[in-house]
Amino acid sequence: MQKFTGYTLTLLIGLLISCTESPKKAVEVLHLIDSPSGKNSSLPNLFSNGDKLLMSWVEMREDTLASLQYAELKGGEWQPSHQILQGNDWFVNWADFPMIVENKGHLLSHVLKKSSPDTYSYDVKVNVLPKGSKSWTINLPLHTDGTLTEHGFVSAVPYENNSFFITWLDGRNTGEKADGSRGAMTLRAAIVSERGEVREETLLDIRTCDCCQTTAAITTNGPVVIYRDRSEEEIRDMSIVRQVAGKWTAPKSIYNDNWKINGCPVNGPKVASLRNNLAVAWFTAAGDQAKVNLVFSNDGGEHFDPPIQVDEAEAIGRVDVVLLNADTAIVSWMESKNSRAQLKAVKITSSGKKSESIIIAQMEGSRKTGFPQMELLGDKAYFAWTDVSKDGSEIKIAYVLLDHF
C-alpha cells in the first residue's frame, strides 16, 4: 500500500474494492503547506481580499517579549515574514488576538497594550503601513477615553476612501464607581484612515457580553456589526447593528436562542458578505445543548432565514465562515472527539443542503489552540490554527480545493 508522507495529507475517498477491481485513484483533499511562522508562534489571523492572502501571528521570545509578525502568500508559497512591532507590555490572550487587514495596498494591524498592572486593563493600539511606505507607524490610539479598563475584541474590514472600518468592545464604563458598582461593556466603532487618523467614533450598544469576539462586514447599505449581546436577564444571544443611509440601527437579535448564562462563554460569531448577502455562524449552548448555527440574509441583515445547525457532535464552537455565492457558505468549527478536538469544515446552502464535512485537523481542545482561521483565495479555502504539543506551539496551515467540498 502506498504510504503518504510529507506535507500533503491525503484523504482516501470513494475506494471501491472487489476481487477483480483495483482501488480508484486517491483524491488529495487536504494539503498541508509550510508556515512562515517561527517557534513559539500562535494566534494566527488570516485576511484575504480575493487577490492576496495575508497572515499575522504572535511569536513569544524570552518568555515575556511578544512579536507581531506577518507574511503574504504568493504563488502558493509564503514569503519571508516581517515584524510589525514587539513589546513586553502587551496583553496576549488566546481569544483576544491581533489582526491584519489590507485596503488597496494600505495595511492596518493592532495589538493590545497594558494600561495598568490590573489583568484586564489594556488599550487597543493601531499600526499602519500606508502603500509605498517602508516602515510601520505603530502604537496609535484607537480610543481616547483614558480609562484603565478593558478594550479589545477588534474587528476591522476595508472601507471607502482607503480607510478601514473598525469595531471593538470598550470597557470605559466598567470601572468601579464610588458605590462599588460597575457599568456594562459597550460596543463601539470608528473609521481609521490609511494614516491612522480616527474619526466618527460611535457608540453602537450600551450593554454587551464582555469577552466574545465581534465580527463586521460591509454591505451595499453600509457596515454591519454582529456580536454577542447581553440583556438585563443575562440572555446572551447574537445581535446585529447596521448602518443604513448613514445612520445606525438599534441592536436587533438575529435569532432568539434564549441562552441564559451568568458569564461570558468567550465564543463570538463570524460573518461573511457578498454585496447585500450575509452568512453568520455562531455558537450557542441554550438549553444545555451545545451547537453551531448558520443563518443567511439577502437584504443586508434586515432579515435572516431560520438557522441551520452545522455541527455533527459535541460542539466547541470557535467558528469561521466564508461565502462562495449568495446562497452557499463554508463554515469551520471545532467539536469534541475522544477527549480531544477536531477542526472541521462543511459547505452549506441556504436551503440546508450540506456537503460531507472535512476534518481539517486533530487538535487539543484547550484554550491554547485559540480560534482557527479560514479564508478564500482563488479556488482554495485556506485554514490556519495553533498546534499545541509538549514542545510548545506552532502554526499549521492547510488548504482544500473548493471542488472537494
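Author: A search of the whole structure finds 17 salt bridges. A salt bridge is a side-chain nitrogen of Lys or Arg within 4 Å of a carboxyl oxygen of Asp or Glu. This is a predicted model, where local features need pLDDT of at least 70, side-chain atom pairs count only at pLDDT 80 or more, and totals for chains, interfaces and linings use all residues. Residues are numbered from 1 along each chain as its sequence is written, and side-chain values use heavy atoms, with hydrogens and water left out.

Reader: What makes Glu201 and Arg188 a salt bridge?

Author: Their side chains meet at 3.7 Å, N to O. The cut-off is 4 Å, so the pair counts. Glu201 lies in strand 15 and Arg188 in strand 14, 13 residues apart. Side chains of opposite charge can pair when their charged atoms come close.

Reader: Why is Arg188 called buried?

Author: Its relative accessibility is 12%. Buried means under 20% relative accessible area, exposed over 50%, and partly exposed in between, with a 1.4 Å probe and protein chains only. So Arg188 counts as buried.

Reader: And why is Glu201 called partly exposed?

Author: Glu201 has a relative accessible area of 33%.

Reader: Are Arg230 and Asp210 buried or partly exposed?

Author: Arg230 has 18%, so it is buried. Asp210 has 24%, so it is partly exposed. Arg230 also forms a salt bridge with Glu234, the closest N and O atoms being 2.9 Å apart. Both Glu234 and Arg230 are buried.

Reader: Which residues do shared partners join into one network?

Author: Asp145, Asp170, Arg172, Arg188 and Glu201.

Reader: Why do strand 12 and strand 15 stand at the edges?

Author: The open sheet has the order 12-13-14-15, with antiparallel pairing. Strand 12 (151-158) and strand 15 (198-208) each have a single partner strand, so one side of each is left without a neighbour in the sheet. Strands here are DSSP runs (E, at least two residues), numbered from the N terminus.

Reader: How do you know that strand 13 and strand 14 pair?

Author: Two strands pair if DSSP finds at least two bridges between them. Strand 13 and strand 14 have seven, in the antiparallel sense. So they pair.

Terms used
Helix = DSSP H or I, 4+ residues; strand = E, 2+ residues; numbered from the N terminus.
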